[in-house]
Amino acid sequence: MFVNIDALVRSLPDIPDVLAKLHSGDYTLWGGVVRHSKGTEKAGQIVGHLLFPGDSGHVQESLKNLQSTLSSGLGSLQTGMDQVQQSMNVLQGLQSANLVMSGLNLAVTTVGFVIVCKKLDKISREMEKQSKTIAETWQLVSEAHERYLLADEARFRGLLRTAIQFCEEGDAQQLRILIGSFNEQYEFTRLLLERHSRMATSNVAFFDQVSLLQNRLVNLGLMMSHVQLKAGSHKYSRQSLTELATDIANLNASRVKALSNDRSVASTITHEQFAGLTRFLQDGTKMTPSLTYQADLIELEVKHPGLLQHATEAREILLIAA
Amino acid sequence: MESVVPRDRSISDLLSRAASADLEVLADLITDNGKGRIALDSDVKATIMTRKVQGRLQSISSLLEKEICAFGSNTIVSAIKSESIDYLEVATDVAKKLDGKPSAQDDIFAIEEIIIRQAMDKYMGDEALKDYLSGGNLAGYINEMVKTLMLSAGSLGGMAATGGGAGFASALGGRVLSMVAAPLAIGAAGLAIYQASSPAFRITIPAVLQIAKLRRARYDQDFEAYTEKLNACL
């Protein structure tokens, strides 16, 4: 640590024999204060104070000291500057290294980007390939579904055409063979309708398909009853009609139950949809008395064979009582 | 196209066919039991009070809707300009205020359901909420909540009920908050601003709950009519 000793240099005060008396012990120096020594008459009293040097000699000497001090300080400053310069050089070196590192980073990033791009391209190609596969699969499934629908409709139409032909030809034996196919078609349609009737959403969202299927069920039921009658199975002919009436009533009940239990579906039904739905349900309900009437007529024919034929051919209105 | 059992009947439609007792609750909320509010026009107050006495609040259903929505407006500007916001927005604000999380896909029925559940949990407790979810008497619970909230409406005490710990500053809303130096130091002038233009949850929370009750009652009526028509087809 640098200490300026000039600040500590003092001159003796202008008092006679002060130095001699300090040596003799009459005076004692207390810091910067000259006092009478203990045991003397004026013990403790201040004689005088040491003074800062005031003459030119001392000033010149102090200036020299100051110059010397400054020189040594500047030397230190030069040393510091050298050190700073060295540090700057190191920093510059580091900056260069940093630039190199940045360049390397950029290169790595670019390479990484290229790799990622290549990977993305690969994934993209793979996805495109998968999309094509999915589209092809979807097309195949759609075609299969369409073929299934067409096959189903063909079976239904084919069955009706065959039945009509055998009915016209009066071939009871061949008609009996067709009964199994009729039953299968009827049951399939009924099961499909039952499945949808239990789901409130289906009754609204697939209303057109449900309506079409129910028409098919009714036509199958009526046709089956006719075939059974032509084949001489009067009991089963009547049974086909009563079962049809029961099935329609059950389907309606199931639909109403499902719709009445689902508030969320109720909130999606528009007034127009609801009008169509209620008409459809009412049509089913109105069908029951007609089917029952037909079933009763068949029963009458069973009990009184030839009565229906007679009634059909009669030119007068006949009152038939069961 | 309107559904047979609509979930989103307009407020005026709901109010026009509501019972007078239910509408009187809304009238009292809007007019602060006839005492009036800073944000309420005196002519409007007079009209509401007259119709209330006559038992014909149904005839001013649109006015009641407008006033409820006006209370839902949470800016001073909107209050000054007498602009009101859509009821769906009012209900959404209330749902958020009650810590509900309504989504953009939610219809008004769903948002009111969030409000009912949050309010039940907040004001009635877990047991009541469980009871409601298992088919408890919703109308009874809402009547009780609305009654409790109305007692605190129009007073600073209402803030505790509506805002809970958030209190005054929260009740003022973000857009007005910057005008308030210190919430508790608002004093008379601040209270006037608060009463005049804050998002008046102390009014909108019970009002939305009351409307939710009316909507559910009407929804039940519509659904009953729907099932009757279906059964008539058998």
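Is A:Glu301 buried, exposed or partly exposed, and how many C-beta neighbours does A:Glu301 have inside 10 Å? In this predicted model, A:Glu301 has 18 C-beta neighbours inside 10 Å. A residue is buried at 20 or more such neighbours and exposed at 12 or fewer, so A:Glu301, with 18, counts as partly exposed. The residue belongs to helix H8 of chain A. Leaving aside residues up to four places away in sequence, A:Glu301 touches A:His234, A:Leu307 and A:Leu308. A:His234 is 67 residues from A:Glu301 along the chain, and the two C-alpha atoms are separated by 8.2 Å.

The contact between the two chains takes 18 residues from chain A and 15 residues from chain B. On the side of chain A that touches chain B, the elements giving two or more residues are helix H6 (234-260), helix H7 (263-266) and helix H8 (271-303) of chain A. Of these, H8(A) gives the most, with seven residues. Sorted by class, this side of chain A has seven nonpolar, nine polar and two charged residues.

Chain A also holds an open sheet of three strands, in the order E1-E2-E3, with antiparallel pairing. E1 and E3 of chain A stand at the edges and have a single partner strand each, so one side of each is left without a neighbour in the sheet. From one strand to the next, the twist averages 25 degrees. Strand E1 (residues 27-30) and strand E2 (residues 33-36) of chain A run antiparallel and are joined by four bridges. Along this pair, A:Thr28 stands opposite A:Arg35, A:Leu29 is opposite A:Val34, and A:Trp30 faces A:Val33. Two residues lie between the strands of the E1(A)-E2(A) hairpin, where A:Gly31 takes a positive phi near 65 degrees. On the E3 side, three bridges join E2(A) to strand E3 (residues 46-49) of chain A, and these strands also run antiparallel. There, A:Gly48 in E3(A) is the bridge partner of A:Val34. The buried residues of H6(B) are B:Tyr87, B:Val90, B:Ala91, B:Thr92, B:Asp93, B:Val94, B:Ala95 and B:Lys97. They pack against four helices of chain B, namely helix H1 (11-16), helix H4 (61-72), helix H7 (108-124) and helix H14 (201-232).

Just after H6(B), B:Asp99 takes a positive phi of about 70 degrees, although B:Asp99 is not a glycine. B:Asp99 is placed in the loop between H6 and H7 of chain B. B:Asp99 counts as exposed because 11 C-beta neighbours lie inside 10 Å.

One of the helices packed against by the buried residues of H6(B) is H7(B). At 1.5 Å a residue, the 17 residues of H7(B) should span 24 Å, and the end C-alpha atoms are 23 Å apart, which agrees. The buried residues of H7(B) are B:Ile108, B:Ile111, B:Glu112, B:Ile114, B:Ile115, B:Ile116, B:Gln118, B:Ala119 and B:Met120. After H7(B) comes B:Gly125, with a positive phi near 95 degrees.

A positive phi, of about 55 degrees, is also found at B:Asn33, which is not a glycine. B:Asn33 is in the loop between helix H2 (20-31) and helix H3 (42-54) of chain B. With 12 other C-beta atoms within 10 Å, B:Asn33 is exposed.

Notes: Residues are numbered from 1 along each chain as its sequence is written. Chains are lettered from A and ligands numbered from 1 in the order in which they are written. This is a predicted model: local features need pLDDT of at least 70, side-chain atom pairs count only at pLDDT 80 or more; totals for chains, interfaces and linings use all residues. Two strands pair if DSSP finds at least two bridges between them. Two residues are in contact if their C-beta atoms, placed from the backbone, lie within 7 Å. Ala, Val, Leu, Ile, Met, Phe, Trp, Tyr, Cys and Pro count as nonpolar, Asp, Glu, Lys and Arg as charged, and the others, Gly among them, as polar. Axes are lines fitted to C-alpha atoms, for helices over the stretch in contact, and angles run from 0 to 180 degrees between N-to-C directions. The expected span of a helix is 1.5 Å times one less than its number of residues.
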